[in-house]
Amino acid sequence: MGIYDPFHEVSMWGDSFKVDGSLNSIASPMLMVNTNTEESKPEFVPNESREPSGDDQETTDKDVSKMHRRLAQNREAARKSRLRKKAYVQQLETSRLKLMQLELEIEKARKHGLYVGSALDDSYIGSPGTMTSGIAVFEIEYGHWVEQQHRQNQQLRNALHSHASDIELHLLVESYLNHYANLFQMKAEVAKIDVFYLISGVWKASVERLFLWIGGSRPSQLLNIIVPQLEPLTDQQIASIKDLRLSSQQAEDALSLGLEKLQQGLVHSIAVDPLLIGNYGFQMAAALDNIEALEGFVSQADHLRQQTLLHMSRILTTGQAARGLLIMGEYLQRLRTLSSLWSSRPCDPS
C-alpha cells in the first residue's frame, strides 16, 4: 500500500462506469397549404347551401384532431400538477411530524437530565440542558438504526432456520448492506459538524469503544470473527478471503500511520516558543488544517469498512453471506448487551 499521506485518499478499489446516451430528434411534417386568392375566393350561391370541398373537410378534421390533442395534453399536465402538489404537501406533513418527534425526544432527554449518547464532553452541549441539533439528530437516528439492525438480525436468523430460498436470502443481504450504507452516510454528515465526536466514540456503547478504530470497527478484526464460523469454504474462497484480509490490514496500517503523522504535526504546530506568547495566529491556523484533515480519515475508514463488506459478500455464496452478516450483527449486539450489564452492575459505595 505504501506510506500513507494524510492529504491524499487511499484508493483500494475503483470501478468506473460510463453511460452513453443519445437524443433522437423527431421531425414534425409541416402542412403546406396553397392559398391562391382567385381560386379560394368564396362564391355566393343564393338559396343553396355550400357543400364543403374535400380539402376543407381534411383541414377541419386535422384542426379538430389537433384541438383534442391539446386538450388531452392540458388535462395530463393538470393531473401531474395535482400529483406534484399532493406529494409536496405530504412531504411537508412528514417533515413536520419528524420535527415534532425530534423535539419531544430532546425534551424528554432534557427533563431526565440525560445526554442521549452518554457523552462526557461538554463541547457537544450547546447550552445548559440542550444539545447541538445536528448531533442530537444523529443520536436519535443511530438509535433507530440499532433497533432496525436488531430486527434485521432476527429476519436473517428466521430465514436461515427455515431454509429460505436464495432469492429471499439475497434480498435480506442486500437490505442489510444498504442499512450499513445508510449508517456511513449518517456518519459523513455528522463528521462535518464535529469530527471529534465520531472519533471519540461517545455515540457507541462503552465496550464497543474498547475496540474503536477511527470512528468504528477494524474490518480485519470483523473478518477474523466471521470467517472461522463460515467453514467449510472452498479453496477459491479461502484464497480470496486471505487476499481481502491482507488488503484490509494494509489499508488499516496506512490510515493508522497517516493519523499518527497528523497527530505529530498537530503537536508541533501548537508547541510554540514560550517567548511568542500572545502571537499564536500562524500556529493555530496550521493546527486547524490538521484537524480538518481528520474528516478525511473518518471518510476513508468508513469507505474501507463498506468495501470490505461488499467484497466479502461477493466472495461468499448467498447463504454464507447471510450467515456472515448475522454473525457480525450478533457480535455487535453482544457488545452492547455487555455494556448495559456493566453500566447496571451494583457498585459498592465504599
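Me: Does Ser217 count as buried or exposed?

Reply: This is a predicted model, and Ser217 lies in its loop between α5 and α6. Residues under 20% relative accessible area count as buried. The relative accessibility of Ser217 is 17%, so the residue counts as buried.

Me: Which residues does Ser217 touch, not counting residues up to four places away in sequence?

Reply: The loop between α5 and α6 holds Ser217. With residues up to four places away in sequence set aside, the residues that Ser217 touches are Phe211, Leu222, Arg305 and Leu332.

Me: Does His163 count as buried or exposed?

Reply: His163 is found in the loop between α2 and α3, and its phi is also positive, near 55 degrees. Exposed means over 50% relative accessible area. At 71% relative accessibility, His163 therefore counts as exposed.

Me: What is omega of the peptide bond that joins Glu231 and Pro232?

Reply: Most peptide bonds are trans. Pro232 has its place in the loop between α6 and α7. The bond joining Glu231 and Pro232 is cis, with an omega of about 5 degrees.

Me: How are helices α6 and α7 oriented to each other?

Reply: Two packed helices are described by the angle between their axes and the distance between the axes. The axes of α6 (residues 219-226) and α7 (residues 235-270) come within 8 Å and cross at roughly 150 degrees. Angles over 145 degrees count as roughly antiparallel. The two helices, α6 and α7, are therefore roughly antiparallel.

Me: How many nonpolar, polar and charged residues has the contact of α6 with α7?

Reply: From α6, the residues Pro219, Ser220, Leu223 and Asn224 take part, and they meet Leu244, Arg245, Ser248, Gln249 and Glu252 in α7. Sorted by class, the contact has three nonpolar, four polar and two charged residues.

Me: Why is the pair of Phe138 and Trp203 edge-to-face?

Reply: The structure holds eight aromatic pairs. In the pair of Phe138 and Trp203, the ring centres are 5.7 Å apart. Planes over 60 degrees apart count as edge-to-face. The pair is edge-to-face because its planes stand at 75 degrees.

Me: How many residues apart are Phe138 and Trp203?

Reply: Phe138, with a relative accessible area of 3%, is buried, and Trp203 also counts as buried at 6%. Phe138 is in helix α2, whereas Trp203 is in the loop between α4 and α5. The pair links distant parts of the chain, 65 residues apart.

Me: What kind of pair do the rings of Tyr142 and Trp145 form?

Reply: Both residues lie in helix α2, three residues apart, about one turn of the helix. Tyr142 is buried at 8% relative accessible area, and Trp145 counts as buried at 5%. Their ring centres are 5.9 Å apart and their planes are at 10 degrees, so the pair is stacked.

Me: Over the ring of which residue does the charged end of Arg345 sit?

Reply: A charge sits over a ring if, among other conditions, CZ of Arg is within 6 Å of the ring centre. The charged end of Arg345 is 3.5 Å from the ring centre of Trp342.

Methods. Residues are numbered from 1 along each chain as its sequence is written. This is a predicted model: local features need pLDDT of at least 70, side-chain atom pairs count only at pLDDT 80 or more; totals for chains, interfaces and linings use all residues. Side-chain values use heavy atoms; hydrogens and water are left out. Rings of Phe, Tyr and Trp (its six-membered ring) pair if their centres lie within 6.5 Å; planes under 30 degrees apart count as stacked, over 60 as edge-to-face and the rest as tilted. Helices (H or I, at least four residues) and strands (E, at least two) are DSSP runs, numbered from the N terminus. Buried means under 20% relative accessible area, exposed over 50%, partly exposed in between (1.4 Å probe, protein chains only). A charge sits over a ring if NZ of Lys or CZ of Arg is within 6 Å of the ring centre and within 35 degrees of the ring normal. Axes are lines fitted to C-alpha atoms, for helices over the stretch in contact, and angles run from 0 to 180 degrees between N-to-C directions. Angles under 35 degrees count as roughly parallel, over 145 as roughly antiparallel, 65 to 115 as roughly perpendicular and the rest as oblique. Contact means heavy atoms within 4.5 Å. Ala, Val, Leu, Ile, Met, Phe, Trp, Tyr, Cys and Pro count as nonpolar, Asp, Glu, Lys and Arg as charged, and the others, Gly among them, as polar.
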